[in-house]
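Biologist: Hi! Could you walk me through this model?
Modeller: Happy to, here it is.

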Amino acid sequence: MLGRRSPQRSLFDVLGLPHQVHADSFYGRMGAVSDVLFPDDDLAMMYCPDNGRPSLPPSLMNGVLLLQFYDDVSDEEAVERTKYDLRWKVALALALDFPGFHPTSLTKYRNRLDENGQERYAFNRFLAVGREAGFIPDRVTLLTDTTNVKGAGAVQDTYTLLRKGLRKLLKAAGFHVPGKRHGLSPRGQGLIERYVEQDTKADIDWADPQQRLSHLQVLVEDVETALDLAMEESNNGEVRYLGWLLTKILGDDIVTDEEGQSQIGQGTAPDRIISITEPEMRHGRKSKAHRFDGFKAIVSTEQSSELILDIADVTASGSDGAHLMPTIERVEAESAVTVNRAIADGAFGSGQNRAACAERDEPIDLVSPLAKPFDSEVHKSAFEIDLETQSATCPQGHTVTGKPGPKQDGRPTWRFAFPRETCEACPLFERCVRSQKTGRTVRAGPYEEYLQEARARQETEEFDIAYRLRPAVERKIGELVMHGLRHTRYVGESKRQLQRLWLGAAVNLKRLFTLAQAQRVDLRTILGDLGPPKAELATM
């Protein structure tokens, strides 16, 4: 049943007493609008209307969550601060004798938000404030970048992945229940004893390669046996998922040598699983020298107001650019704006993204640099490729006609081959041609026209002026990191995303306070006039 904050003021109400929290601080400004910041009735759909004990007021819990992520503290510390930290008491308009509540209430409240699809509540509410105040225009320039985020799961080696995964599979299939074990073969019984009842690391000399190899054979055989046992529970979704997980680990990490023995494979599979506790974690790189384990967070800000329009977890592996169009779609859907320009680093400037932006009903101007060639005289960009005539002219003026290549993404490609004898007579031959038998070959991909246009534009002053706006999103990411962006607290996509959104909401609220003061906008009135979230309106 929904609980509401009482409008009755306490004798010890901190806002009615002298205190040292500055009115222009984040906490002071939050306290000044605390009564309209999060109305209790906004989230009434999450509670039974006429049964049960009254809950802790959503307005209080929302405020605590916001401050928790802003100050990057645990549930226990957050509750302690509601009792003893004067800044939090001011921000939440609490009495000096506020008794606090049990820390698990925060866990339950986050679960309630997640279960009711309200993980975006605070984030979208503050975006709506920005729109009503005029800080976010109808047509926006989006600044986008990513940063590495550490996962909450433990990074595990292949031996541990197999052992822990095997244990979870057997338990999910019900073999931890004694009655389930009747009729199992001696090997199956031994499997249960080793991995369900004990779950201890093998007692071997881990410095001895031969002992490690022998133990690996046992692990692989045990996994295969467990997968056969689990097939009987094929209707269990968790069993199917864990079976897939173990099969993938075997495929990514294990190879069989000529003698039929299992070996740890050399190298790393592109999408290798690194944690059983958080299977979505991956190895990632932000550069050749910077490797990390976890996820990436993609952050998009509106250029003029510097408000965050989108923040989301994405995979650590793979190209950042693959997430550009989904980000734009989320921004337009959640913020009710139209993206007319996107500015991002070179990772987002693929031909596929340029085509997707240009071919929309309302084209998006994608400002993203292409890599500078090492040797510009013989690089592909030095060749004049005319797609209308299907011809290519080299830097020395020799022209050839192209031949169609295999289609990619349903689009044509072209191959331009220069004669060997022509290339051998060229002064650039040694630098230009690497083949020992043929002349220079140049290929035009499916998005060649967009890449040609981008290379030409990159040399203009207009491009330089536009691209200089991009560091603003890096500063915003730095601010998010200062408030704990890289400290993932929870396991599971929905809980991770809730953390990112509420942290983004806290940083946006701070920015709204600054914008409102600079432009003399009354945030209190706007907050008070906002209606309930879209999810609630849909149920009315």
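Biologist: What share of the 540 residues in the protein chain is buried?
Modeller: Buried residues make up 50% of them, where buried means under 20% relative accessible area, exposed over 50% and partly exposed in between, with a 1.4 Å probe and protein chains only. This is a predicted model, in which local features need pLDDT of at least 70, side-chain atom pairs count only at pLDDT 80 or more, and totals for chains, interfaces and linings use all residues. Residues are numbered from 1 along each chain as its sequence is written, and side-chain values use heavy atoms, with hydrogens and water left out.

Biologist: How many helices and strands are there in the protein chain?
Modeller: There are 21 helices and 14 strands. These are DSSP runs numbered from the N terminus, with helices being H or I of at least four residues and strands E of at least two.

Biologist: Nice. What does A91 touch, leaving aside neighbours within four places in sequence?
Modeller: A91 is in contact with Y27, M30, G31, S34 and L67, contact meaning heavy atoms within 4.5 Å. Y27 is 64 residues from A91 in sequence, yet their C-alpha atoms are 4.6 Å apart.

Biologist: And is A91 buried or exposed?
Modeller: A91 is buried, at 2% relative accessibility. The residue lies in helix α5.

Biologist: Where does L86 sit, then?
Modeller: L86 is also in helix α5, which covers residues 86-92. L86 is partly exposed, with a relative accessible area of 32%.

Biologist: Switching topic: what is the order of the open sheet of three strands?
Modeller: The order is β9-β10-β11, with antiparallel pairing; strands pair if DSSP finds at least two bridges between them. β9 (384-386) and β11 (399-401) are at the edges with a single partner strand each, so one side of each has no neighbour in the sheet.

Biologist: How many bridges join β10 to β11?
Modeller: Three, with β10 spanning residues 391-393. S391 has T401 in β11 as its bridge partner.
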